[in-house]
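Hi,

Here is the structure I promised to pass on. Have a look at it first, and my notes follow below.

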Amino acid sequence: MRFRSLPSLLAGLLVLAACSAPAPDTPPPPAVLVRSVDAAGAPPAVQVYAGEVRARIESDLGFRIGGKLVERLVDVGADVAAGAPLALLDAQDVRLAQASAQAAAAAAESDLALARSEFVRARDLQARNFVSSSVLDARRSALQAAEARLRQARAQAEVAANQAGYARLEAPAAGVVTAVLAEPGQVVGAGQAVLRLARPDEREVLIHVPEGRAAGLVPGSAAQVRPWAAPEREYAGRVREVAPAADAATRTHAVRVAVPGADTALALGASASVAFAAAQAEAPGVLLPLPAVTRQPGQADAGTVWVVGEDAAVKPLAVELGAWREDGVVVRAGLPAQARVVVAGVHKLIEGMRVRAVEEGAPVLLDVRR
């Protein structure tokens with residue numbers, strides 16, 4: 001068997017190495033969103049809740065009698081004046097009942113006229129001793145019964161006339177139609193809701209407060225209301241009503257906040273934020289976003305944050321926690337001065353990983369927030 005010389009073998013290896021692919025470039029360190037914090041205290045504690053703008057008076061309207069709905073005269077969003085017609089029932093049956101009651105009243109009037117004439121005749125005859133006193137008493141009783149039947153018939157005729165008017169549903173006050181609950185052709189019962197009417201002159205925001213915080217809200221408590229559609233607008237509000245019992249499903253208390261100065265920016269059905277000042281002052285600390293803090297298992301006041309060091313490496317840092325608020329978590333102790341805290345994606349970090357820190361105020365944050 002023939003073997004090549006050592007120099008030839010080394011030359012072949014060098015040729016193969018020159019033809020191989022170049023080594024891959026080292027990927028750049030991942031970017032993380034950080035917030036530089038100092039020893040400044042957290043902003044004043046507030047309790048913020050999301051709610052819905054509602055009318056203080058909102059009524060479900062229905063007919064006083066049952067029947068077939070033949071026409072609906074308004075749609076959702078319609079502004080109606082007091083007394084305006086809203087819907088109509090088939091009034092044929094109530095018109096027949098009204099005619100029957102009127103006929104019964106006319107018959108009762110005729111019976112009364114006959115009883116009155118017979119009583120007068122019996123009274124004249126008894127004065128000349130042609131009939132006994134018992135006959136006169138019988139005629140008097142018949143007259144009184146005829147008068148009672150006439151009153152009864154007239155009352156029934158008035159009821160029938162009222163029911164004929166109940167076939168027309170009218171707005172009890174000026175307002176806005178917020179819901180339609182029945183359509184033409186549908187048979188509705190007496191009192192069944194057909195339309196929902198809201199009076200927009202008094203508006204309020206309905207929020208739901210957890211059980212642990214409902215005790216701190218009482219009627220008259222001050223609040224600040226901001227509509228989501230116009231966050232630059234701010235309205236002064238007052239707690240008008242706090243539900244005494246918690247909802248069975250959500251275990252929250254319904255709270256209604258009246259907004260006396262509401263205008264078109266607080267449209268009915270719109271979303272709004274309601275903020276209350278905290279009942280007690282918070283201890284000094286630094287406010288961090290909720291995703292930046294990890295709570296230690298079994299320890300309510302201990303947590304972990306990730307900080308970026310001078311060498312661009314991340315490391316976990318144990319901190320002492322204060323209140324968990326809607327706008328973040330208060331860190332009372334454990335943060336060094338001028339610390340750069342990672343505020344997004346902490347679940348992807350490994351201790352010692354080198355990263356590229358991007359401040360929250362940087363113009364481009366799309367790749368960091370993913």
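(Strands here are DSSP runs of E with at least two residues, numbered from the N terminus.)

Before the rest, the ground rules. This is a predicted model, so local features need pLDDT of at least 70 and side-chain atom pairs count only at pLDDT 80 or more, while totals for chains, interfaces and linings use all residues. Residues are numbered from 1 along each chain as its sequence is written, and side-chain values use heavy atoms, with hydrogens and water left out.

Most residues other than glycine have a negative phi. Arg-251 is not a glycine, yet its phi is positive, about 55 degrees. Arg-251 counts as partly exposed because its relative accessibility is 41% (buried is under 20% relative accessible area, exposed over 50%, partly exposed in between, with a 1.4 Å probe and protein chains only). Ala-312 also has a positive phi, of about 65 degrees, without being a glycine. You'll find Ala-312 in the loop between strand S18 (302-308) and strand S19 (314-325), and with a relative accessible area of 26% Ala-312 is partly exposed.

Next, a sheet. Four strands form an open sheet in the order S7-S6-S4-S9, with antiparallel pairing (two strands pair if DSSP finds at least two bridges between them). Its edge strands, S7 (168-170) and S9 (187-188), each pair on one side only. S9 and strand S4 (residues 67-72) are joined by two bridges in the antiparallel sense; in one of the pairings, Gly-67 has Val-188 in S9 as its bridge partner.

Over in strand S2 (residues 46-55) there is Gln-47, which counts as buried because its relative accessibility is 17%. The side chains of Gln-47 and Tyr-49 make a polar contact of 3.3 Å (a pair of N or O atoms within 3.5 Å; within protein, one must be able to donate a hydrogen and the other to accept it, and residues adjacent in sequence count only if both atoms are side-chain atoms).

Last, the cavity search (points on a 1 Å grid over the protein atoms alone where a 1.4 Å probe fits but cannot get out; lining residues have an atom within 4 Å of a point). The count comes to one cavity of 30 Å³ or more. The largest cavity has a volume of about 30 Å³, and its lining is Ser-59, Leu-61, Pro-172, Leu-197 and Arg-199.

Cheers

Technical notes:
On a 1 Å grid over the protein atoms alone, a cavity is a set of points where a 1.4 Å probe fits but cannot get out, and a pocket is an open set with protein on both sides within 12 Å along at least five of seven lines; lining residues have an atom within 4 Å of a point. Grid points are joined across faces, edges and corners, and a volume is the space filled by probe spheres set on the points.
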